[in-house]
Amino acid sequence: MKKCKWYSMSHTLALNCFAPLFLLTLGCTGVVGQASDASDTGSKPKSSASGGAGGAATSTPLGGQDAVGNDLTLDCDASAYPKTQIWKLTTRQLINSFAALGVPADKLRLPFGSTSATPFAFANKADSLDLSDLVFENLFDTATANAPALAASWRGRAPCLAQAKPTTQCLQSEIRTFGRRALRKTLDDAAVNRFVDLFAEEAAAPTASAPLEQVVAAMLTSPDFLFRSELGSTDAVNGVVTLTPQETASALSYSLTDGPPDELLTKAADAGELATAAQVDRQVARLMAEPTHLGVVERFFQEWLGYGRAAEISKDAKVFPRFGREVGASMVLATNLLVRDLYRKDQGYRSFMSTRTIFTNNALASFLGEPMASTDEFREVKTNQQLRVGLLTQPSVMTVEATLSDSDIVKRGRLVRQQIFCHDLPAPPPNIPPLKPTEPGVSNRQRIQEHSENPACRTCHRLMDPIGFGFENYDGAGRFRASSDLIQTSGKIEFTASTDGDFSGIEGLTGALAESPDTAGCFVRQAFRFVYGRLENRSDGCELLKTSRSFVDSQPPVSSLFRGLVAAEHFRKRTAVDNEGKRL
Amino acid sequence: MINREMITRRRLLKYFGAGISASFLSTFLQETLARSEGLSRKCLVQMTTANGIAAYLHKPFIDKAATVTNFERAPFMQPLAPFNDRMVLVSGLYNYAIIDLHGNEMASYTGNVGAPGPQDPSSASIETVIAKSIGQGVPYPALYLGAPAREWNEYESCYAGGKNQVIRPEVDPVASFGRLFGKPVVSVETVADTLRRKNSVLRFVKADAQRTRDKLPPSERPKLEQMLESLRSYEQRLVAQGGSNDKFDPARCTAPTNPALTLKPRTPTANYDIYSLPDRLNAQADLFVLAFACGLSSVAAFLVNMGQQHTLYPFLFPDLKPDETDIHHHSGNAAMIAKFDQFHAQLFARICNGLTAVALGNGKTLMDDTIAYWMSTNGGSHHDGNHNIPAIIIDGTRQMKGGRYLRFISPEGAGFGTQLGNTEKSYATNDLFISIANAMGVPMTSFGLAKQSRGPLPGLLS
């Protein structure tokens, strides 16, 4: 019986991307694609390959052609901008939006939606943020349950509301003010009067009247509260609209801090001070200095590499008796601290991929069998030799990309292929029998030997396994283990634009990945997907090309990448469409 | 109306605790749930396992479509023996929703091929349609519960409220309990005021959402349409429940004390410890029974596992390493398969036994009002096939003649990557769903994709 081991494959991976098509047509002959959104919204019809990313170039980090000639190029059409859209706020953003109005986290009825990232989609993917029955119910119940306290607070700030019968003028003025804060936009007269009418309707109720509470509840369940808008101004110029100042403020704030605009940003928007690139950049710089920005950065890395799950998984207690939730959580914290540290120190992508610095404390170091931190608090430690080399070798990453009891070569190779190279992978075929059980004296490498012998397995596993070999120095709980007859770490990278080659050990592998323009270009794509809440599409070609070239060539700090992405004109302009969806 | 005696904290702790046998549950319920004066409603239990019910272990295993009344049930079915006379075993159905390995498993109950992407079902799943048709709100009071084996991504679910509306099962038994019994209703006046105020806000927000929707480009409108659909669904629930969404009425059934469930993980610090899976599944199963018994719910959707999960059962195989006990990939190993299936059969029996223990006071038990079925989303040789889907139906209402084995055949060429219409002798799971819906009093001649939908399975409904 043929035996192949396949990785756990998500639906998104299988369905969002092109590879299944390749698999059907080419039988998984090593063809991999770079996931992107095939939709052409917001772009002009595809032009012939021109400039930069186009043509048959194979070394551009944007794709060009893959190993067997699939054209993965994104157009560079300077007049193409993203489509107009609305985003439902993520759970984190909703929590912060409620908090900004004075609703503490323990008064919320969660969940407000999924918080899971999936391959090729961060948790903030705009088209996947659901508002299903249960989510709406939770949001509605949160709004109505907290309305009395918020209304009381509001009355405390506005004496005219405390009157038995507030005047219409008072109501209009107060609703306009509260609405600006809660809904992040200036309400027009019609909208204000609808809330006044709601107040009046409830005030006329025969019993248990609570009119201001009704207004609060309605605002906190309003689409303007639950969604953020990127529809732009009504006056299109050459088929392009610019986000309104208030939309820009929300876009910047939620992208960089996961929260609503603060007072300074709100004032800037209302004063028309978000009109120029310089004005926007000033606000971007200010927001990036906020502590909340590091939380967003942390979320990006956590979702990109999936290491947050280390705090949730369990291991075989016979093999790892000391592994538990606390250890897993410590691993996640250690990686988060490292990410924050590197980001704060303006380190570039290469440093993230090759750093010898780790954060650890005594408990974690003891579990990992690594040099002690000499303190119960986490602190920075420089490692020597190949103990830890870059983010990919963090214990949190290695323990997630593993089985219950041992390392998982396939999963680790998949992580690199998928998240570091941005390559799509086909779904596994059906009826795959399990691998042989582990046996003393048989290495994991030997266990999956059949992947390279059986043609049915080899065609796809050669994309993953030879890369996964490089991580064999880390066991199933991320602990380092020295090379030996059973732990062999040489491998090979194939089917990339410019990273192909043999490597020896983890230093060789991470070194190749850190220096690769392919992976740096992929990193730009990942950051783009995170900031824009979607896969890139053809309308993004110019922006991605420009950003990638700059990033790959000069290796600026990662913070510059984020700053550049949100400060770009591309971030604030949209392709104008009419009510029928036709381009203006 | 059902009147219940107080369910004490201690009893519930025992009730939820590990290792409580089905026989204890039966005794427990008989002792603690008092007689009713004649509750009459139909209930539905839909239990899902990605892999399970090895139809070919039953003898004789025949290749041609046939109805077999005197077949030999496989030993793993022993826990369900008390229900033999009300049981129909069905196999050979084709799950058209799954056109690749796991890619569309989430769409299994929609009878429709899922749209690309795990969060994008094309239409509502059958239990949702039935729940709404009999006045059960979704996801509450219809209950969607499950238990993650180890890692269960939030997006994994077989249930959908409609297009792009995934319903995720509640995986925490304590949270489930809180939902059911955590909020007693208040006075009638307060309920009326609450209902009025909520409806007023909902009307306002609905108009607001509609205005917003109308201003959006077509590509963005579905987002507001989903909000409007959810809002309307919430309105319906409010109306159905008289104003309180989480209602537990002490007049109808005494609230159990919060059990403060402790699930006894094998390692105290582990989350979703694989060894606690039986306890968590049993706790959810018991909550279904309690919710039904107290009249809080009539529809139970129980997601035991899905194909994309690597569900480990080390507690069944103490001599194996946990990684070797994954329910996937054991085609041909009949001994292991039988153990997996027996575990699932015990779980299914736990619910049915629990419902049988609830006397309704009219000579009937709750099981007499219940149609329970257990289906696998995958078929084939126990795994990784979208053909030869089996189901075990226990029809307490006796609308289906029990003691039978209905074997159908999947269409020729069935397999992943194929979407075949029903042929003369082949039937899709759609037809099973149609049968169940009709038995639940929800008339239906077609469900999901029309070409996969021929009507009730021949011979199933008596």
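**Cysteines and cut-offs in a predicted model**

Biologist: Why is Cys160(A) called partly exposed?

Modeller: Cys160(A) has 29% relative accessibility. Buried means under 20% relative accessible area, exposed means over 50%, and partly exposed is in between (1.4 Å probe, protein chains only). With 29%, Cys160(A) lands in that middle class, so it counts as partly exposed. Mind you, this is a predicted model: local features need pLDDT of at least 70, side-chain atom pairs count only at pLDDT 80 or more, and totals for chains, interfaces and linings use all residues. Residues are numbered from 1 along each chain as its sequence is written, chains are lettered from A and ligands numbered from 1 in the order in which they are written, and side-chain values use heavy atoms, without hydrogens and water.

Biologist: What about Cys170(A): buried or exposed?

Modeller: Cys170(A) comes out at 6% relative accessibility, so it counts as buried.

Biologist: How do you know that Cys160(A) and Cys170(A) form a disulfide?

Modeller: A disulfide is a pair of cysteine sulfur atoms within 2.5 Å. The sulfur atoms of Cys160(A) and Cys170(A) are 1.9 Å apart, and they form a disulfide. The torsion about their S-S bond is about 75°, so this disulfide is right-handed. Cys160(A) sits in the loop between helix H4 (133-157) and helix H5 (168-183) of chain A, while Cys170(A) is in helix H5, so the pair ties together parts ten residues apart in sequence.

Biologist: How many disulfides are there over all chains?

Modeller: The rule gives two disulfides over all chains. Cys422(A) and Cys522(A) form one of them, with sulfur atoms 2.1 Å apart.

Biologist: Why is the disulfide of Cys422(A) and Cys522(A) called right-handed?

Modeller: The torsion about its S-S bond is about 85°, so the disulfide of Cys422(A) and Cys522(A) is right-handed. This pair links distant parts of the chain, 100 residues apart: Cys422(A) is in the loop between helix H17 (409-420) and helix H18 (444-447), and Cys522(A) is in helix H23 (residues 517-532) of chain A. Both Cys422(A) and Cys522(A) are buried.

Biologist: What makes Cys158(B) buried?

Modeller: Its relative accessible area is 0%, so Cys158(B) is buried. Cys352(B) also has 0% and is buried.

Biologist: How many residues of chain B count as buried?

Modeller: In chain B, 63% of the 462 residues count as buried. For chain A, the share is 61% of 584 residues.

Biologist: How many helices and strands does chain A have?

Modeller: Helices (H or I, at least four residues) and strands (E, at least two) are DSSP runs, numbered from the N terminus. Chain A has 26 helices and eight strands, and chain B has nine helices and ten strands.
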